[in-house]
Structures are given as C-alpha cells and as structure tokens.
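Student: I am new to this structure and would like a close look at a single part of it. Please keep the account plain.

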Amino acid sequence: MATLYRKTLNWMDERFGAGSVEEFLRHKTVPVTRHILWYYLGGMTLFLFIIQVLTGILLLLYYRPTPNDAFESVQFVMTQVRFGWLIRSVHSWSANLMIFTAFLHMFSVYFLKAYRKPRELTWISGMLLFFIVLGFGFSGYLLPWNTLAFFATKVGTEMAGSVPGIGKWLLVFLRGGQEVTGATLTRFFGFHIAVLPGLATLLLAIHLFLVQKLGMSVPPSVERAVAEGRTSLRNMPFFPNFLLRDMIGWYAALGVLGGLAAIFPWELGTKADAFAAAPAGIRPEWYFLFTFQTLKYLPARILFLEGEFAGILGFSVGAVVWVMVPFLDRRIGFGRLTRVFTGLGVFVIGYIIVLSALALR
Amino acid sequence: MNLLLGSGVAASIISFIYPALRYIIPPPVAESASNFVAAAKVGELKNNNGKIFRFGSEPALLVRLADGSYRAFSAVCTHLSCTVQYRSDLREIWCACHNGLYNLEGRNVSGPPPRPLARYEVHIQGDDVVVTRAA
C-alpha cells in the first residue's frame, strides 16, 4: 500500500510536482493547546457539507420541483425507493448537524478571537459561508412542499420584503411573483442546487486558502503564556496527525448520522395547501426560532416603526456588527482580551438559547 | 482616449447585466377581475364556525357568528402574511404563526399584527353565501 502510494506520488511528481503538495501538507502544523477540540469543527462542517452534496445528488434522481409533484416525489423516495428513506433522512439530519457545527465553529472562532489580524478576511469569508448555509436550510426546507415549509417560506420571504428600499424587489425576486406559488418552488430549487452550491464552492475555496496561507490561530491566552515564558507552544503536523484525528471524528459523525436517520427518520408532514389556515403550533427550523420568537413578542408599533420592521432592522444591524467584529474589536492585540466583545458574544449565545427555548415551550 | 474606452466597456457591461436583472423579475400576472365569489352554500357552516375560501389569488375567511349572521375578511394576516383562522373557543380570528388576534370586526386586538384585516361584504343569493369586495 505504502509502495503504491509512493509510486503514485512519484508518477505525479514527475509531471506536476505533486511532491510539493505533500511537502506543503507536512510543513503545515496545528497548535496543540487545551482549546484544540474547537479546531476540528471547521473540518466537521466541511465533511457534513460533502455528505449534503452526495445525498443531494442522490435525491435529485427522483425529486420533481413542481407544486403538483414535489410532495409526491419525496413521498415516493421515502416509501418506494430502496433506502430512499435513509438517503432523505441523512440529508435532513446532516443539514441540521452541519448548521449546528457551523454555529459552534463560528462561536469558537469568536471567543478564541481567531478573527484578529491577520485573519479578518478568513472571518468574513466564514461568515458569508454561514449565511449561505442558512440559505441552504431555508431554500431546502420548502422543497418537499409541505404545510410547515409553505408557511415558513411565506413568513421568511415576507420578512425579506420588509428590507428598506429593495424589499419589494427582493420579495418578488425570491417568490417569483407576489405570492408563494409553484414559481417560488422552482426558484428555491434553483437556489438550492445551483446558485448556493456555486457561491459556497467559491467562498469555501477562498476560506480554505486563507486558512492554509495564514495557518491556525493561537488563542490570545496561550500566546500571552508563551510570551511570558510560562509555557512553550507545541505543534502537531497537519498531515497526517491532525487529518487522521479529523477523520476519526468524521467516521463517528457518519455513525451518528446513520443512527439518527434510522431511529428518527425525517417526517414529511402534510402537503401544502395555499388556501388552508396556518396550523396551530407552527414554527420554523430550530436555527430560526430566536428570530421567530422575537417577532412574536414585538408589539405592532415601536415608536414610529412597525414592530416587524423594527425587528428585522435590529437583526440586520446586529448581523452587520457581527460580521465587522474584526474591524470593531480594535483593542485586541497581542494576547489581550477585549471584554466588551466577549460580553457581546455571551449575550448573543444567551439570547439565541433563551428565545429558542421560549419558542419551544 | 482612456475615458472613451472605459465608458464603452462600462456601457457594454451594463448592456449585458441589465437584461439579466430584468429577466429575474417575473412579469406581473393579471389578477382575477372577479369582485365576488360564492364562498359557501347556505347551511354549510354551523353557527360559531369559520371557513377559508379562495378569493381571486388570495385566501379569505368566512365566519358564521353565534347568532347565525355572516362576516368575511381577507385571511392574509397583516403581520407576515400567514393565513388566519376562526377560533370558535375564543370567538376571534387567530393567526397561528405569531399569535396575532383580530376581533370579529377584523380589528387587530392583540399580538404583532399592525393593521386590521380587509373586510368584505356578505350576501345570500339563493343557495349561496356570496362574498363581495367593496368597490
């Protein structure tokens, strides 16, 4: 096996200088600190994204994106196609786990202050990827054309319609008309399988290039300890040491995915009816629960603004501040922690958890 | 020369982008011109009950009050456009999405809805309960 690997590498090296890739990988190192567990989350999110691409391609073999056929085609996959239930359930579970690990990755990077100079663009490209991941979740949710998805899309696109200036245009662009109809389904299908994957691939390439180029960030507390001579910084080769550990995590994730899909197959619900009332207990996917609950609490009017508009404005401003944190947290320097921004992160996590829990009551 | 060349390139790029931008916005679809619809048969709805029906391209709500009279409203919540329903236990109109409540005049009385529901006129014509949009 080792000989075959060496022979293949030599063959490629003669033609493309592939040995330099191996050399590059061997020189790349990962800092070994007590925070190392958090360093696996980016790779885990990427692994789950690959699972999404593979299971998504399999679902495409049967899925039909029209209001008359979408629900029935997913039902066909779930009940008639061999292992269709498994493929669809893995796709749904993996989507949710991917969003969960993306959340964890984002917050771990935030609290370890890995966004500080020179990694500002790594943070921004990561945040854009995070928004794309949420876009995948939102667009994919509608595709089975069930009642919950129909109303979630109605509410979500209506919120987009409240954006000042471009709201009306954005609403028609997203829905393919004034209402959520078959045109919306076709558009969301296009976003889900073409537009978002294209953007995600481009951003992922930029993100990974930056991670490779700049290396992995050392947390400020460790940096300070090293500077004060209290400890020395140990490193682990990325290839093969860190990658092999990564792969153990991915293998475990596969087991978890298979287990979840087998024990809790993803439900399909009832077919969407544009002329039925929104069912009681309706709520969006867990990652949008905090926005949903906030909108529930807001009164009809806040000062001179409609409550819904004020809420959306608040979330938009919050998102911009969050993305721009590397440029706002200017006092973060060598080994220094800035308490205001750590406090902001704790507040955001607390807000998301509390409001989501209230929505689930 | 540079200005001329630059303007030419910019104009050509705009001429490529403009059709694409126009393309992604769909043409307006003519709405149903009908200002009335038979929403239900007389006797179909029990007292203190409601029914969603199709009025043009939008859902609408017909309510039969406890005294047997009818009222009709747009069923599109003024908050975020979910479809509302009649709650016979509350004797009010309720939106399940964000817990908005309207009274039987269509006025928003609780929760996030910012405006009342549009109200329609109801007439009995033969066997039909006919709902009419105010002119």
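In what sense do strand 4 of chain B and strand 9 of chain B pair, and over how many bridges?

Tutor: The model is a predicted one. In it, strand 4 of chain B and strand 9 of chain B, the latter covering residues 119-125, pair in the antiparallel sense, over 2 bridges. One of the residues to look at here is Ala72(B), whose bridge partner in strand 9 of chain B is Tyr120(B).

Strand 4 of chain B also pairs with strand 3 of chain B, residues 58-64, again in the antiparallel sense, and here over 5 bridges. Ala72(B) takes part in this pairing too, as the bridge partner of Leu62(B).

As for burial, strand 4 of chain B is mostly covered, since 4 of its 5 residues are buried.

Past strand 4 of chain B comes a loop that runs between this strand (70-74) and strand 5 (85-87), and Ser81(B) is found there. Ser81(B) is not a glycine, yet its phi is positive, at about 70 degrees. Is Ser81(B) buried or exposed? Ser81(B) has 21 C-beta neighbours inside 10 Å and therefore counts as buried, because the cut-off for that class is 20 or more.

Further along chain B, Asn99(B) lies in the loop between strand 6 (92-95) and strand 7 (100-102). Asn99(B) has 14 other C-beta atoms within 10 Å, so this residue is partly exposed. Leaving aside residues up to four places away in sequence, Asn99(B) touches Gly111(B) and also Lys296(A). Gly111(B) is 12 residues from Asn99(B) along the chain, and the C-alpha atoms of the two are separated by 6.0 Å.

The contact of the two chains takes 24 residues from chain B and 27 residues from chain A. On the side of chain B that touches chain A there are 15 nonpolar, 8 polar and 1 charged residues.

Now for chain B as a whole. Chain B has 1 helix and 10 strands, and the order of the elements from the N terminus on is α-β-β-β-β-β-β-β-β-β-β. The C-alpha atoms of chain B fill a box of roughly 80 × 35 × 20 Å along the principal axes. The radius of gyration of chain B is 23 Å, whereas a compact globule of 135 residues would have one near 14 Å. Of the 135 residues, 33% count as buried. Among contacts in chain B between residues at least 6 apart in sequence, 37% join residues at least 24 apart.

Helix 12 of chain A, residues 289-297, packs against helix 15 of chain A, residues 339-360, at an angle of about 70 degrees, and their axes are 8 Å apart. Helix 12 of chain A and helix 15 of chain A are therefore roughly perpendicular to each other. The residues of this contact divide into 9 nonpolar, 3 polar and no charged. On the helix 12 side of chain A they include Leu289(A) and Phe292(A), and on the helix 15 side they include Tyr351(A) and Leu355(A).

The backbone of chain A has some points to note as well. The peptide bond from Lys117(A) to Pro118(A) is cis, with omega near 10 degrees, and Pro118(A) sits in the loop between helix 5 (84-111) and helix 6 (120-142) of chain A. A cis peptide bond also runs from Phe239(A) to Pro240(A), with omega near 5 degrees, and Pro240(A) lies in helix 11 of chain A, residues 238-263. Leu303(A), in the loop between strand 3 (301-302) and strand 4 (305-306) of chain A, has a positive phi of about 55 degrees although it is not a glycine. Leu303(A) counts as exposed, because 5 C-beta neighbours lie inside 10 Å.

Terms used
Residues are numbered from 1 along each chain as its sequence is written. Chains are lettered from A and ligands numbered from 1 in the order in which they are written. This is a predicted model: local features need pLDDT of at least 70, side-chain atom pairs count only at pLDDT 80 or more; totals for chains, interfaces and linings use all residues. Two residues are in contact if their C-beta atoms, placed from the backbone, lie within 7 Å. Ala, Val, Leu, Ile, Met, Phe, Trp, Tyr, Cys and Pro count as nonpolar, Asp, Glu, Lys and Arg as charged, and the others, Gly among them, as polar. A residue is buried if 20 or more other C-beta atoms lie within 10 Å of its own, exposed if 12 or fewer, and partly exposed in between; C-beta atoms are placed from the backbone. Two strands pair if DSSP finds at least two bridges between them. Axes are lines fitted to C-alpha atoms, for helices over the stretch in contact, and angles run from 0 to 180 degrees between N-to-C directions. Angles under 35 degrees count as roughly parallel, over 145 as roughly antiparallel, 65 to 115 as roughly perpendicular and the rest as oblique. The radius of gyration is taken over C-alpha atoms; the globule rule is 2.2 Å times the number of residues to the power 0.38.
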